[in-house]
Amino acid sequence: MPAIVLALVRGLLLSIALIVATAPAFAASFEESVAKFANDDFSDTDDAVGEIAVSGNPLAFPIISALQDERLMFDAETKKVFVKQADGKIIDAATGAAVDKLPDNAAAVSLNNRLRRSVDAALGGLTLLSPDTNTRLTAAKSVFKSHEEATLPTVESALAKETNRSVKQALAEARAAILLFKSDASEVDKLEAVATIKARGDQEALALLTEISGGDQPANVAKAAASAISSIQGTLAIWSGVQNAWYGLSLGSVLLLAAIGLAITFGVMGVINMAHGEMVMLGAYTTFVVQEVIRTRYPALFDYSLLIAVPLAFLVAGAIGVVIERTIIRFLYGRPLETLLATWGLSLILQQAVRSAFGPTNREVGNPSWMSGAFELGQITITYNRLWILCFTMAVFGILLAMLRYTALGLEMRAVTQNRRMAASMGIATSRVDALTFGLGSGIAGIAGVALSQIDNVSPNLGQSYIIDSFMVVVFGGVGNLWGTLVGAFTLGIANKFLEPVAGAVLGKIAILVLIILFIQKRPRGLFALKGRAVEA
Amino acid sequence: MAHVLTRSLDRAATIFVLVVAACGVLIPLSNLLLPAGSALQVPTYLVALWGKYVCYAILALSIDLIWGYCGILSLGHGAFFALGGYAMGMYLMRQIGTRGVYGNPILPDFMVFLNYSKLPWYWHGFDMFWFAALMVLVVPGLLAFCFGWLAFRSRVTGVYLSIITQAMTYALLLAFFRNDFGFGGNNGLTDFKDILGFNVQAEGTRAALFALSCLALILAFLICRAVVSSKLGKVLIAIRDAESRTRFLGYRVESYKLFVFTLSACMAGVAGALYVPQVGIINPSEFAPGNSIEAVIWVAVGGRGTLVGAALGAVVVNYAKTFFTSGVLAPYWLFMLGALFVLVTLLLPKGIIGTFNSWWDQLGSKRPNADSAAREDGVTEPKMAE
């Protein structure tokens with residue numbers, strides 16, 4: 001009897017003691033947990049990290065991050081623990097009170113690799129509860145990557161409290177990732193987790209699922225994971241196709257922009273202008289000069305710098321083009337190979353002139369704010385500058401086409417192209433038209449330079465890197481046909497980008513060059529060849 | 001046949017052969033026999049430099065053969081030159097043997113460095129000189145044959161041909177820059193030790209290489225002369241001046257073009273092969289499209305369709321390049337070179353020799369016994385487009 005009473009009383013006391021110990025007094029427990037660091041024993045430290053991480057105390061984060069950086073000091077005699085803050089100030093870890101100086105025998109709490117992992121996990125868990133949405137989102141993403149089992153309770157409590165949709169989504173994914181790796185999670189939980197991760201459907205999800213399907217999982221889970229993997233792979237393949245197509249369009253627009261001026265001088269006039277690339281370069285340097293003036297005089301106008309540079313580049317390159325035509329090219333009509341050599345010499349002169357004036361190194365051309373940054377479309381990232389260049393190219397192409405079709409100069413240009421002598425006898429000043437046509441082609445190259453300055457290095461060699469590609473585009477598309485140039489540029493751009501993942505960037509480019517060489521054998525006049533007697537003229 | 005070897009050209013050719021032969025004998029002798037520091041002694045560095053010019057002159061001859069006499073403007077002859085150079089470079093690499101940094105008896109240093117476990121199949125045989133020498137002719141020749149076979153049969157002419165030859169050399173440039181292509185990537189092939197057992201660096205070897213280059217130049221010149229003054233050469237000139245008309249007359253234009261294009265590529269390959277041991281390095285920058293165009297301008301400066309002029313132009317332009325790029329005028333060299341391109345095409349379309357020949361003929365026509373046929377051959381003003 002007394003023994004039973006005694007036992008009952010003991011049990012009662014024990015439960016009371018337990019309640020007292022756990023429920024009301026986090027503070028007491030927190031201090032005790034902190035004191036464990038002073039033992040400098042790996043398993044005590046591990047316990048302390050676990051307890052502090054779930055304590056909810058505001059000091060938890062500074063303490064654990066101090067531990068991570070080995071700034072957490074302890075005094076073995078007094079069993080006191082201090083945080084040496086990044087700015088050098090010292091606080092008492094248990095109370096947060098400022099301390100003047102560390103005791104003489106204070107040492108850093110030591111860490112091992114296992115501890116470092118739990119410290120990382122604890123920190124990830126702690127930031128999950130941060131008031132800042134972005135911090136929470138980053139934390140949830142990092143937990144998804146680390147899928148540390150220890151953070152599960154924190155993730156779950158954060159998930160329960162979370163109101164922001166995207167953070168909630170990220171937390172749910174993080175939870176799913178943890179559950180998948182948790183060996184004692186129920187099958188239902190795991191299946192649900194696979195579904196959540198499948199819905200995420202990106203490269204990381206794929207990596208995660210591949211990783212777990214290697215481990216030993218219940219049959220159902222393994223099956224679900226395998227089907228999720230194949231479904232994600234399917235989606236990813238489609239997205240990478242879309243991505244390649246976009247890159248191809250983007251490259252195609254750059255090629256088109258560089259080649260469009262050439263399509264006029266080479267295609268319409270039949271003049272081989274090897275200095276075409278240098279016109280592009282001059283356009284890019286015009287942009288540089290405009291931006292320099294704006295930076296020093298009118299910084300507020302920086303966002304408009306490109307709008308100012310476009311007409312200026314057209315004028316600069318166009319004027320130089322007219323001068324070249326009047327002084328050199330007009331003496332060489334009917335001698336295309338000599339024209340080629342003379343314009344090559346000209347390109348050397350222009351390059352060297354720019355090198356002397358602006359130096360041989362790359363010059364800095366900035367992106368206006370509306371051209372920097374990117375947005376996500378599904379699983380691909382589209383940068384604004386590429387998008388704008390695509391739009392700009394299409395606009396230039398449209399304007400040029402309209403100009404040739406509807407203006408008087410366009411009419412005269414077409415007339416001279418088709419039959420020079422007939423046009424002359426109808427009263428068209430053919431030499432004036434020649435000069436203007438050449439100026440137009442060069443001016444458009446200058447405009448291309450403005451756009452290319454946004455994505456390429458502005459150096460004296462800028463033009464060189466485009467000249468061969470531009471000729472390929474024009475020859476491939478068919479000389480004398482702007483639509484051919486358009487189709488040629490986009491075909492080459494897209495083909496290049498689809499070959500790149502298979503063959504690598506350089507081999508892809510070589511393959512394209514070889515294909516063009518073979519293609520020209522098959523269709524010597526390009527995709528859209530001019531027909532009739534004009535060809536032989 | 002007799003009127004083909006007209007007097008003025010014949011004289012120029014004889015003078016040319018004699019001058020080159022004299023250089024080929026006297027310069028090495030003076031370098032080797034006279035004491036160093038003597039006023040008449042040619043220093044070794046000059047022997048190597050002039051050896052380089054002679055190789056360029058062979059390249060220029062090969063371009064003149066197709067451009068001056070057949071109207072094919074190749075912007076890819078630098079590629080044939082470099083391929084010949086690489087073939088020779090591969091032989092020289094295999095001769096290094098265990099003297100390389102890694103001391104591997106089979107693999108060249110760069111292959112050890114890039115973790116090759118065995119020699120790539122296309123490197124086999126290059127330890128034998130006769131095989132390398134054969135490849136110097138075969139590789140550029142085969143490439144030119146395949147390229148020309150495709151291009152000429154589908155009647156790719158004029159600037160289109162120029163542009164695709166440029167694309168060809170550009171593609172090769174990109175390929176040879178790749179490390180896993182097996183030709184040393186952007187470092188190329190260098191650190192050569194021996195050629196046929198003789199030290200490449202030794203004065204005697206350099207002098208011998210110079211003499212050989214001169215001999216090769218004379219041979220190339222004589223071959224070109226033989227081609228252009230034969231009946232075949234007449235057809236080539238006909239193709240240059242009126243391709244369609246020649247075809248309608250029943251000549252297989254593409255066969256003629258293919259033959260002369262392949263021959264020219266082989267000559268360029270030999271030039272490259274002689275160039276490499278004298279310069280001591282071959283790297284992918286030799287494939288740069290700019291080099292090929294520069295070689296064309298040598299021909300234009302000297303005089304298209306004169307052979308002697310091409311060789312002269314190569315030497316003159318390269319001498320000027322060495323002279324100007326080593327002095328205070330270095331930053332202005334590209335201006336001069338650019339201006340040379342422009343001015344020669346505008347003001348001196350016949351080049352130095354062509355212009356000189358015109359003057360000579362004008363002088364001669366005032367004399368009673370001038371050979372009026374002189375002007376019709378070789379120095380007719382090139383006419384490209386139909």
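This is a predicted model: local features need pLDDT of at least 70, side-chain atom pairs count only at pLDDT 80 or more; totals for chains, interfaces and linings use all residues.
The secondary structure of chain A consists of 21 helices and seven strands. The C-alpha trace of this chain spans about 135 × 60 × 35 Å along its principal axes. The radius of gyration of chain A is 35 Å, whereas a compact globule of 537 residues would have a value near 24 Å. Of the 537 residues, 42% count as buried. Among the contacts in chain A with a separation of 6 or more, 69% are between residues 24 or more positions apart.

Strands of a sheet pair through backbone hydrogen bonds, and this pairing is either parallel or antiparallel. In chain A, five strands form an open sheet with antiparallel pairing, in the order S4-S3-S2-S1-S5. The edges of this sheet are strand S4 (98-99) and strand S5 (107-108) of chain A, each of which pairs on one side only. Within the sheet, strand S2 (residues 80-84) and strand S3 (residues 90-92) of chain A are joined in the antiparallel sense over three bridges. In this part of the sheet, A:Phe82 stands opposite A:Asp92 in S3(A). Helix H4 (residues 60-68) of chain A packs on the sheet, where it touches strand S1 (72-75) and S2 of chain A. The direction of helix H4 of chain A makes about 80° with that of S2(A).

Two packed helices are described by the angle between their axes and the distance between the axes. In chain A, helix H13 (residues 305-327) and helix H18 (residues 430-452) pack at an angle of about 145°, and their axes are 6 Å apart. The crossing of H13(A) and H18(A) is right-handed. By class, the contact of H13(A) with H18(A) has 15 nonpolar, eight polar and three charged residues.

Chain A also meets chain B, with 35 residues of chain A in contact with 39 residues of chain B. On the side of chain B that touches chain A, at least two residues each are supplied by helix H5 (129-153), helix H6 (158-177), helix H11 (289-302) and helix H13 (333-347) of chain B. H6(B) gives the most to this side, with 13 residues. The residues of the side of chain B that touches chain A comprise 31 nonpolar, six polar and two charged.

Terms used:
Residues are numbered from 1 along each chain as its sequence is written. Chains are lettered from A and ligands numbered from 1 in the order in which they are written. Helices (H or I, at least four residues) and strands (E, at least two) are DSSP runs, numbered from the N terminus. The radius of gyration is taken over C-alpha atoms; the globule rule is 2.2 Å times the number of residues to the power 0.38. A residue is buried if 20 or more other C-beta atoms lie within 10 Å of its own, exposed if 12 or fewer, and partly exposed in between; C-beta atoms are placed from the backbone. Two residues are in contact if their C-beta atoms, placed from the backbone, lie within 7 Å. Axes are lines fitted to C-alpha atoms, for helices over the stretch in contact, and angles run from 0 to 180 degrees between N-to-C directions. A crossing is left-handed if the near helix is turned anticlockwise from the far one by less than a right angle, and right-handed if clockwise. Ala, Val, Leu, Ile, Met, Phe, Trp, Tyr, Cys and Pro count as nonpolar, Asp, Glu, Lys and Arg as charged, and the others, Gly among them, as polar. Two strands pair if DSSP finds at least two bridges between them.
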